[in-house]
Protein chains: 2
Amino acid sequence: MSASPPEAARERGSYPKGVARRQEILDRALEVFAKRGAQRTSLRAIAQEVGVTHAALTHYFGSLEELLVAVYRESELRADAEGPPPAPDVSPAEQMRISAADNREIPGLVQLYSTLVATALEDGHSAAQEFATQRFARVREDLAQRVRHLQSMGRLREDVEPGLVAALVVAASDGLQTQWLLDPAVDHEAALAMLDRLLSSPRTDS
Amino acid sequence: MSASPPEAARERGSYPKGVARRQEILDRALEVFAKRGAQRTSLRAIAQEVGVTHAALTHYFGSLEELLVAVYRESELRADAEGPPPAPDVSPAEQMRISAADNREIPGLVQLYSTLVATALEDGHSAAQEFATQRFARVREDLAQRVRHLQSMGRLREDVEPGLVAALVVAASDGLQTQWLLDPAVDHEAALAMLDRLLSSPRTDS
């Protein structure tokens, strides 16, 4: 390794030791958020809960917003590592229903997600905005591909545009989860199942 | 008027003069938010933008959260006063499409809405939670009634549960609006129109 690393690398700890330390803090922060949710607080208060100094958090993550984005990305990486993605013939709404069921285990991260998305809509929050915009685009692209596959199998209506279906399913899933969190009487799984049924090919024998 | 009003009445200004002053501040706050959105800030900063003292804002609204709720409720009251509600045979998704189009005129209030909903999901924010929970319940009930009416007219599929349709349409509308705000390429009006088509009665002549 160079004896004189670039300033940026030194600052954000891309030395092996710095990377390990950043990951260690991120792991602890993820535990804290999974339990407590994203209730608005200061970077200083979070540092205390995580058990590191305020200076360390600022050093490794920059701002509260960047820390929140890093924690959520980490939770996604872990979820991806836990198992293969759903088979390509699982319908988009069914896929959302499965992930909504998984989310029930991690209410703190669901709160964090909604906080990040709301923050992204406010002006001047480029980290949250970039995260949310890219995440929506990626999820929609994956779902649209799934829709095209299911259409080619004759299992999903042919008269709907895959990109619009993808946006609709993501929106329905996010919005139903919000309503369910506020009022458990809202049956978001049943509503997603209904959307699935509306999108499925009309049966030829009916 | 009594010479000795109850403490609570005195505190929140339910004297005609206090009521008028509160309304005056609310009107100005609504103007400010319609322009600036709900970007996180302090009650003190908002007081400055509105042109009142921090003490006055605290006196009339209590906290930042309560002020945000009051501003959003005021914006809804004004929207209601602007014209009659859509005719009962306007479909739920079409109704959401109309209000989404109206919302394009007031991006600041749309931001405020998403901020209030995200705040409601965090612990310890009872004003936002009560507001969001009640608002979702009211909008769902209105839409469910619309669904039953359209079903009785034979214009909406009979094999869907009105309450689930209502929750789905509200969710789709909120979620699509969020995606569109982050990425204008998302055609939320077209996605709502597609949902409308999926929910409409299969035409007997097709």
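**Charged pairs, contacts and the interface**

Q: How does A:R97 count by relative accessibility?
A: A:R97 counts as partly exposed, at 21% relative accessibility. The classes are buried (under 20% relative accessible area), exposed (over 50%) and partly exposed in between, with a 1.4 Å probe and protein chains only.

Q: Before we go on, what is the basis of these values?
A: This is a predicted model, in which local features need pLDDT of at least 70, side-chain atom pairs count only at pLDDT 80 or more, and totals for chains, interfaces and linings use all residues; side-chain values use heavy atoms, with hydrogens and water left out. Residues are numbered from 1 along each chain as its sequence is written, while chains are lettered from A and ligands numbered from 1 in the order in which they are written.

Q: Back to A:R97, then. With which residue does it form a salt bridge?
A: Its partner is A:E94, and the closest N and O atoms are 2.9 Å apart. A salt bridge here is a side-chain nitrogen of Lys or Arg within 4 Å of a carboxyl oxygen of Asp or Glu. A:E94 is also partly exposed, with a relative accessible area of 26%.

Q: Where do A:E94 and A:R97 lie?
A: Both belong to helix 6 (residues 92-103) of chain A and are 3 residues apart, about one turn of the helix. Helices are DSSP runs of H or I with at least four residues, strands are runs of E with at least two, and both are numbered from the N terminus.

Q: What about A:E24 and A:R28: how far apart are their closest N and O atoms?
A: They are 3.4 Å apart, in a salt bridge. The two residues are 4 residues apart in helix 2 (residues 16-36) of chain A, so they are separated by about one helical turn. A:E24 has 40% relative accessibility and A:R28 has a relative accessible area of 30%; A:R21 is linked with these two in a network of salt bridges.

Q: And which residue pairs with A:E141?
A: A:R148 does, in a salt bridge with 3.2 Å between the closest N and O atoms. A:E141 is partly exposed at 43%, and A:R148 is partly exposed at 41%.

Q: Now the interface. How many residues are in contact between chain A and chain B?
A: There are 46 residues of chain A in contact with 46 residues of chain B. The area buried between them is about 3,900 Å², of which carbon and sulfur atoms give 67%. A:L121, A:L182 and A:L198 supply 18% of the area that chain A buries against chain B, more than any other three residues. Buried area is the accessible area (1.4 Å probe) that two parts lose on being put together, summed over both.

Q: How many salt bridges are there between chain A and chain B?
A: The count is 4. In one salt bridge, the side chains of B:D183 and A:R140 meet at 3.4 Å, N to O.

Q: Which elements of chain A give two or more residues to that side?
A: They are helix 7 (107-121), helix 8 (126-152), helix 9 (162-182) and helix 10 (188-199). Helix 9 of chain A gives the most, with 13 residues.

Q: Is A:S114 buried or exposed?
A: A:S114 is buried, with a relative accessible area of 15%. This residue is in helix 7 of chain A and touches B:A118 and B:L121, not counting residues up to four places away in sequence.

Q: Last topic: how many helices and strands does chain A have?
A: Chain A has 10 helices and 0 strands. Of its 206 residues, 48% count as buried.

Notes. Contact = heavy atoms within 4.5 Å.
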